Amino acid sequence: MSATGEVTDRPSRGRRIILWRHGQTSWNVERRFQGSTDVELTETGVGQARRAARLLASLRPDAIISSDLRRAAYTAAELAALTGLEVTREEGLRETYAGVWQGLTHQEIIARHGEEYAAWKRGEAVRRGGGELETEVADRAAPVVLRHAEKLPEEGTLVVVSHGGTIRTTIGRLLGLESPHWESLGGLSNCCWSVLGEGARGWRLLEHNAGTLPEPVLGDDD
């Protein structure tokens, strides 16, 4: 029904949340675990951000929020430059803190922390490197996303610029999935995104790892 009381055939689309992973970093290429380490984008990563920003700008977002780590904040800045929107930086959107794993390659982690790595890959709740549990990441990130989504106008769009692991856990939480099933959501390639839509019974996954032809997932979450 429209604001004037007339019945309309067009159903409300509801709000949308676009969760956009940052562009490529040198540690992604080297397969080093980044976690909350503040690594900058490569030139390739900057190019990825600019290309993706042109696509996302066409969706006319209403708000942009970002992790305060440079790889995400610089990615968000490319979209802000095209839309004129300000970026709200949120520490709660940072990547999972992974303690002593940060800065190590996957092979180095396997060599030094093999049992812990294997348990993580089995889907067990593991404090990787003595860092955060995935559920703790969702505890801090999902409320940030929901708080900003609640400010959207009807059918508004929020772009959330964050990191592969944080995005996956946030999607799992918003979809109401039990944490052992979050692994069923594949990782995001650099500068690709997932789209959640507001439905009658909560948030729904509309698109996942969208934005380009399929590319390898390079990062902590691969």
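Reader: In which strand is serine 67 found?

Author: The model is predicted: local features need pLDDT of at least 70 and side-chain atom pairs pLDDT 80 or more, whereas totals for chains, interfaces and linings use all residues. Residues are numbered from 1 along each chain as its sequence is written, and side-chain values use heavy atoms, without hydrogens and water. Strands are DSSP runs of E with at least two residues, and helices are runs of H or I with at least four, numbered from the N terminus. The run of residues 63-67 includes serine 67, and this is strand S2.

Reader: Is serine 67 buried or exposed?

Author: Buried means under 20% relative accessible area, exposed over 50%, and partly exposed in between, with a 1.4 Å probe and protein chains only. Because its relative accessibility is 0%, serine 67 is buried.

Reader: With which side chain does the side chain of serine 67 make a polar contact?

Author: A polar contact is a pair of N or O atoms within 3.5 Å; within protein, one must be able to donate a hydrogen and the other to accept it, and residues adjacent in sequence count only if both atoms are side-chain atoms. For the side chain of serine 67, the distance is 2.9 Å, and the partner is the side chain of histidine 163.

Reader: Which backbone oxygen lies 2.7 Å from a polar atom of the side chain of arginine 21?

Author: Arginine 21 lies in strand S1 and is buried, because its relative accessible area is 4%. The backbone oxygen at 2.7 Å from its side chain belongs to leucine 188.
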